[in-house]
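Dear colleague,

Please find below the structure that I am passing on to you. A short account of the findings follows it.

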Amino acid sequence: FVAFSATAQSPANLPHLQKQGNATQLIVAGKPFLMLGGELGNSSASDMSYMKSVWPKLQQMHVNTVLTPVYWELLEPKEGKFDFTLVDELIRDARAHQIKLVLLWFGSWKNSMSCYVPDWVKTDTKRFPRAQNKAGQGQEILTPFDKNNLDADVKAFSALMRHIRDTDERQQTVIMIQVENEIGMLPDARDHSPVANEAFRQLVPKTLLQYLQTNKTTLAPAVLEAWKNAGYKTSGSWDDVFGKSLATDEIFIAWHFAQYANRVTEAGKAIYALPMFVNAALNRPNVKPGDYPSGGPLPHIIDIWKAGAPALDFLSPDFYNPDFKHWNDLYKRQDNPLFIPEIKFEPSVAPKAFYTLGHYDGMGFSPFSIESTDKPGEEPLAKSYSVLDQLSPVILASQGKRLMDGFLFDKKTTTDTVRLGDYTFLVKHDYTLGWSPKAKDEEWPMTGGLIIQTAPDEFTVAGTGVVITFSSDKPEAPIAGIVRVDEGKYVDGKWQPGRRLNGDQDHQGRHVRIPVGEYGIQ
Ligand code: N0T
């Protein structure tokens, strides 16, 4: 147990999460903060001279938050001898560019593997035992069942958090922490090392069984199905309670990964209580646990993580696969705000950023390998982030209050309906107008945006490639028309109108439109 020291700030003054209506927001320096993020490629933050050319790129893209690894192997090259040079330089350079940091703790696990553990851990498999496959072969994965592994990670992570507290508590450049990276077991659904097998024969912990009973009506599908098929037992071994199956193996390993991550998180927060989360590599349908990294914080077993790692503030999806809406719907819950720490950096991130923040009240959005572009200023993301940066005070004031919604379109999903105030908005992909020659193309670029009610009869629309018509929900007023449409900018949160858009620009009063390729606010 570590008591708060007399000089420590109360957690309320540190970056923390706070509810606004049914949204959860990140509060930084006493105010809500919208993370227009980008995650660095894995090796970029290991050399600050390499980063010199990266910072200006981030600024050109209006990135206000960088997600960057901190590498255990470089932090503690010799046991107990910590080298904070990289972390210090990182914080210094981020400050110089007015960019906030979310640190990714590349500790025990990184994409399942333990490639970031220091060499004194890697080479001493006796003291730091590995997970094993069914055949008893050791993997390059630390077993989560060993106390030496946990203690070593906790020690290093604690040293990191202590150093950040001591050097950054006043300026708060570091605003959040990701604990480990894409945890998951391979190549089998669970660890089969002797310690793991021993744990598998133990009784299912009471905390988990109690959680299952309390949350019986809302349990994630794989957990509910396994528990139900085994007869809703309230005690027994893992095989008793969940049945003998791969699903049970995954539930078991998920619980132990969650407990390990929870201990690391608790230790860090006891020293410096920043918000902390873990991320998941999403699985594909019809692939078996073990063929994908098994036991990560995935939707089909999310309750195991909620029960096993209560110290974590939320669980996050990494997107390298389709079905953006499907997965976001699963991660956005009353007990889990949506933050997207990684998404493949491609042109569609530009509309997806609007959708994430507008529809899901997202806390932030962050394409992966953000420094990989050669033309940062021309990136679609830069245009989105420029608009979102201007709008962020308005977005933040509207989250969780039923004043805002977002939309996302492609050739398959061309239309969405939004209700705000007394109006129904029919929002469509710009190409549904058929005005662009490209509307005949096989593929349509993804488009999207958001709409915010700023007064009873006033709405702000932002995004790219959308066209909006509207009707009134009042029975006595069947038609809703346009009084006026202005395009413009927000400067320091204040609206500054530019052109009055009328005539061809609003189809003589019939619609509001932001054509494909344009990014704007009206
Ligand atoms: C991500 C990234 C980085 C085509 C992959 C994604 C990052 C890690 N893993 O570049 O390694 O550190 O979190 C895994 C999903 C791969 C699916 C590929 C399908």
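A polar contact here is a pair of N or O atoms within 3.5 Å; within protein, one atom must be able to donate a hydrogen and the other to accept it, and residues adjacent in sequence count only if both atoms are side-chain atoms. This is a predicted model, in which local features need pLDDT of at least 70 and side-chain atom pairs count only at pLDDT 80 or more, whereas totals for chains, interfaces and linings use all residues. Residues are numbered from 1 along each chain as its sequence is written, and side-chain values use heavy atoms, with hydrogens and water left out.

**Domains**

The chain is divided into domain 1 (14-128 + 141-186 + 259-398) and domain 2 (404-521), with bounds that come from an automatic or database domain assignment. Their C-alpha centres lie 33 Å apart. Domain 1 brings 23 residues to the contact and domain 2 brings 24 residues, contact meaning heavy atoms within 4.5 Å.

About 1800 Å² is buried between domain 1 and domain 2, and carbon and sulfur atoms give 76% of this area. Buried area is the accessible area (1.4 Å probe) that two parts lose on being put together, summed over both. On the side of domain 1, Pro351, Phe354 and Gln390 supply 29% of the area buried against domain 2, more than any other three residues. Between the two domains there are 3 residue pairs in polar contact (both at pLDDT 80 or more), but 0 salt bridges (a side-chain nitrogen of Lys or Arg within 4 Å of a carboxyl oxygen of Asp or Glu).

**Ligand**

Among the residues around the ligand are Asn42, Arg284, Asp318, Tyr320 and Phe368, each having a heavy atom within 4 Å of the ligand. The protein covers 60% of the 500 Å² of accessible area that the ligand has on its own, computed by the Shrake-Rupley method with a 1.4 Å probe.

With kind regards
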